[in-house]
Amino acid sequence: MYPNLYYAFSDLFGWAPSWLRFINSFGFFVALSFIAAAIVLTKELIRKEREGLLQSREEVVLIGKPASPVELILNFLLGFVLGFKLVGLFLTTPDPNFKVQDYILSGQGSLLAGLALGLLFAGLKWYEKNKQKLPQPQEKTVRIWPHDRVGDLTIFAFIIGFIGAKIFNSFETWDDFVRDPMGSLFSFSGLTFYGGLICAALAIWWYARKHGIGFWQLNDAAAPGLMLAYAIGRIGCQVSGDGDWGIPNSAYISDPTTGKAIPAQPGDFDRIIHLYQTTYAPEFKGLEHVPHLAVKAPSFLPNWLFAYSYPHNVIGMGARLPLCGGDYCNQLPIPVFPTPIYETLMCLGLFFFLWAIRKRLKTPGNLFAVYLIVNGVERFLIEHIRVNSQYDFLPGHPTQAELISAGLVISGVAILWALNKRRSGVPPYRPGPEGATPGS
C-alpha cells in the first residue's frame, strides 16, 4: 500500500523526492475524481447547450471599480493560509513518520511565508482591479452559460459533499464518534460516499435553482461524471488501504513475511482470529460472528484479486510486518476481498453504460434516475462482502449503505415513473430562439 506518493514513487521507480510525502494517496485520487467529473460535466453541458436544452443567462456586473477592503482582506487571508501551511510544509524537515493531517490541524507553519504570500495576493488583487479602474464604474451585461459555472459548482459541491460524507460517517461509526467527536469529524479518513452524494445533491439543487439552470438537465449531465468519479475515488481506497475493504477470505492466510495470500489449512481461520483478537474483536464486536467466506481464486487469476492482505495500510491495522520501521508497517493476518478493485471495475463499466445511453433518453431526469438505480444496485451487492457497521436494532441487521442504496433504487424507479407519467401527453420540447453559441 502507498499511504502517500513518496511510497509509491520509491517502490515503482526506486527514487522519490521527499516532498511527495506531503501528498496523501487517497486525497490525490479524490482530487483526480473531481477533475474527471468536472471535465465530463462540462462536456455534457456544452452538448446540451448546443442542442438547445440549456439556455444562457444574462447578468449585470459592475466593472471599473477599485478593489474593496473586503476583497483585499480575503485575498490576504487566502495567501496567508497558503503560505503559512503550504510553504511551511515544504520547509519542514523530512520525517518518515510525518503525517500531513497532523500538520494541517496543528499550529505549525511558516509565519514569514504566510505574511509574504498574503501581501502578494492582496497586492495582485489591488493591481488587477486598479488596472481596470474607470473614472466612473459602469454596469455591463454578460451572457453566462451553465458550463461556465462548472468550476464554482464543483467547488461548492465538494465542500458540502465533504461535510456530508464526514457527518454520515460519524453515524456509521457511532462508537468511534462518541469516544472522540472532534477527532472523528476533523480527521482525514472516514468518508461515507452516500452522505457526500446526498448533501452534494441538495447543494446542486440549490445552486441550479439560484442560477436558473434546468435541474433535471443538470442532473443528467452530471450522472456519468458522478459514476466515473466514484470509480476513480475507489482507486484511492485501494492504493492507500484506508480500511474500506471486504470481509476476510478464509480460504487463505497471509504470509507473515511477504504478505502474499497462501492457502489456509483446516483450523487456520479460528486460530489466527483468536491470535489477533485485538485486531478483530473491536472491528466485529467480538470473535463469535466474524463474517467470512472461503473462495479460492481460479487458476487463471491471481490470488490477490480474491484475497489481499493490504500491507502497509494507512490505518495501521493488522499484524506487524518484520523488518519494517515507521507508522505504516501492518498487514491483515487473514487476507480480505479487495472490494475497492471490484467497485472500480463495476463503476467504470457503469460509466460507459451511462455514456452510451445518454443521448437516447429524451425525458429530462431519466438518465439521472437510471444512475440512481444502477448505483444503488452496485453498492447493495458489494455490501454483502464488505466490512461495514450494521444497524442491529433493525430487522435483517442492514448496514447504512444497504439502507441508502435501497433508497436510491426506490427513488430512481419513482423518478422514472413520475417524470414519464408527467411527460405523457405533453408536446415535444422545442427550444426557444437561438442565442449566442455556447462557449462564445
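Predicted model: local features only at pLDDT ≥ 70, side-chain atom pairs only at ≥ 80, totals over all residues.
Local features need pLDDT of at least 70 and side-chain atom pairs count only at pLDDT 80 or more, while totals for chains, interfaces and linings use all residues. Residues are numbered from 1 along each chain as its sequence is written, and side-chain values use heavy atoms, with hydrogens and water left out.

A search of the whole structure gives 15 aromatic pairs (rings of Phe, Tyr and Trp, the last by its six-membered ring, with centres within 6.5 Å; planes under 30 degrees apart are stacked, over 60 edge-to-face, the rest tilted). One of them is the edge-to-face pair of Y6 and Y7, at 6.3 Å centre to centre with 90° between the planes. Y6 and Y7 form one aromatic cluster with Y328.

F80 and F84 make a stacked pair, with 5.6 Å between centres and 10° between planes. Both residues belong to helix 3 (residues 69-91) and are four residues apart, about one turn of the helix. Helices here are DSSP runs (H or I, at least four residues), numbered from the N terminus.

Helix 13 (residues 339-357) and helix 14 (residues 366-382) have axes that come within 11 Å and cross at roughly 160°; axes are lines fitted to C-alpha atoms over the stretch in contact, and angles run from 0 to 180 degrees between N-to-C directions. The two helices are therefore roughly antiparallel (angles over 145 degrees). Residues in contact (heavy atoms within 4.5 Å) include Y342, M346 and F353 of helix 13 and L367, Y371 and V374 of helix 14.

Notes:
Parallel < 35°, antiparallel > 145°, perpendicular 65-115°, else oblique.
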